[in-house]
Amino acid sequence: MDTITPHRLTVEPLSREAFAPYGEVIEASEAVQHFTINAGNTERYHDLAEIAPGPDGRVIVSIFRGQPRALPFRVAMMERHPLASQAFIPMSGRPYLVVVAPAGTPPTADDLRVFLARGDQGVNYATGVWHHPLLALDAVCDFLVVDRAGPGHNCDEVVIEPGFITAID
């Protein structure tokens with residue numbers, strides 16, 4: 001019988017620079033453009049992510065409610081959206097994990113990166129970037145999701161073997 005040897009993935013803090021190959025980090029403190037609106041009552045953090053609905057697509061807004069995942073966690077699959085971007089903005093103010101791999105061929109263990117996102121940081125996965133589905137920690141968490149509706153197949157999934165274990169150090 002084959003024994004699966006888990007590949008330990010290092011969890012790193014989510015930052016604009018580290019996440020750039022996979023999309024954008026959505027957060028007020030990282031906004032390049034911000035300015036006051038509404039007669040000085042509101043600060044607008046402007047144009048934080050490139051929402052790409054793809055050919056013949058339209059942008060939709062949904063809420064995803066993620067159940068908490070216990071650690072250690074086995075990363076058994078990854079998915080990508082070949083036609084459009086997909087943004088996740090946390091609404092519960094709680095940290096969560098983001099597992100990504102570059103767009104292109106299905107990922108291997110060496111391709112995976114794991115980020116710990118704060119409860120005030122969202123992510124926008126660029127078109128075709130491999131990512132694990134929602135990984136809420138500690139409690140049920142709601143996320144505002146901005147993605148694509150329209151014709152064409154826009155979700156590919158792959159099984160990752162052997163299993164990979166994540167832990168927060």
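This is a predicted model: local features need pLDDT of at least 70, side-chain atom pairs count only at pLDDT 80 or more; totals for chains, interfaces and linings use all residues.
Reader: Hi! Two strands pair if DSSP finds at least two bridges between them. Which strands pair in the antiparallel sense over 5 bridges here?

Author: Strand S4 (residues 33–37) and strand S5 (residues 42–46) do. Strands are DSSP runs of E with at least two residues, helices are runs of H or I with at least four, and the numbering starts from the N terminus. Residues are numbered from 1 along each chain as its sequence is written, and side-chain values use heavy atoms, with hydrogens and water left out.

Reader: Thanks! What stands opposite Gln-33?

Author: That's His-46, in S5. The hairpin of S4 and S5 has 4 residues between the strands, and Asn-38 there takes a positive phi near 55 degrees.

Reader: Where does Asp-47 lie, and is that residue buried or exposed?

Author: Asp-47 lies in the loop between S5 and strand S6 (58–66). Its relative accessible area is 57%, so Asp-47 is exposed; exposed means over 50%, buried under 20% and partly exposed in between, with a 1.4 Å probe and protein chains only. Asp-47 also has a positive phi, near 55 degrees, though the residue is not a glycine.

Reader: And what is phi of Asp-138?

Author: Near 70 degrees, a positive value in a residue other than glycine. Asp-138 is in the loop between strand S14 (135–137) and strand S15 (141–149). Why does Asp-138 count as exposed? Because its relative accessibility is 66%.

Reader: New topic: how many helices and strands does the protein have?

Author: There are 1 helix and 16 strands. The radius of gyration is 17 Å, close to the 15 Å from the globule rule for 169 residues, so the protein is as compact as a globular protein of that length. That radius is taken over C-alpha atoms, and the rule is 2.2 Å times the number of residues to the power 0.38.

Reader: Which residue is found in helix H1?

Author: Arg-16 is one of them; H1 covers residues 16–19. Arg-16 has 30% relative accessibility, so it counts as partly exposed. Between Arg-16 and Val-123 there are 107 residues in sequence but 9.5 Å in space, C-alpha to C-alpha.

Reader: Last one: which peptide bond is cis?

Author: The bond from Leu-71 to Pro-72, with omega near 0 degrees. Pro-72 sits in the loop between strand S7 (68–69) and strand S8 (73–80).
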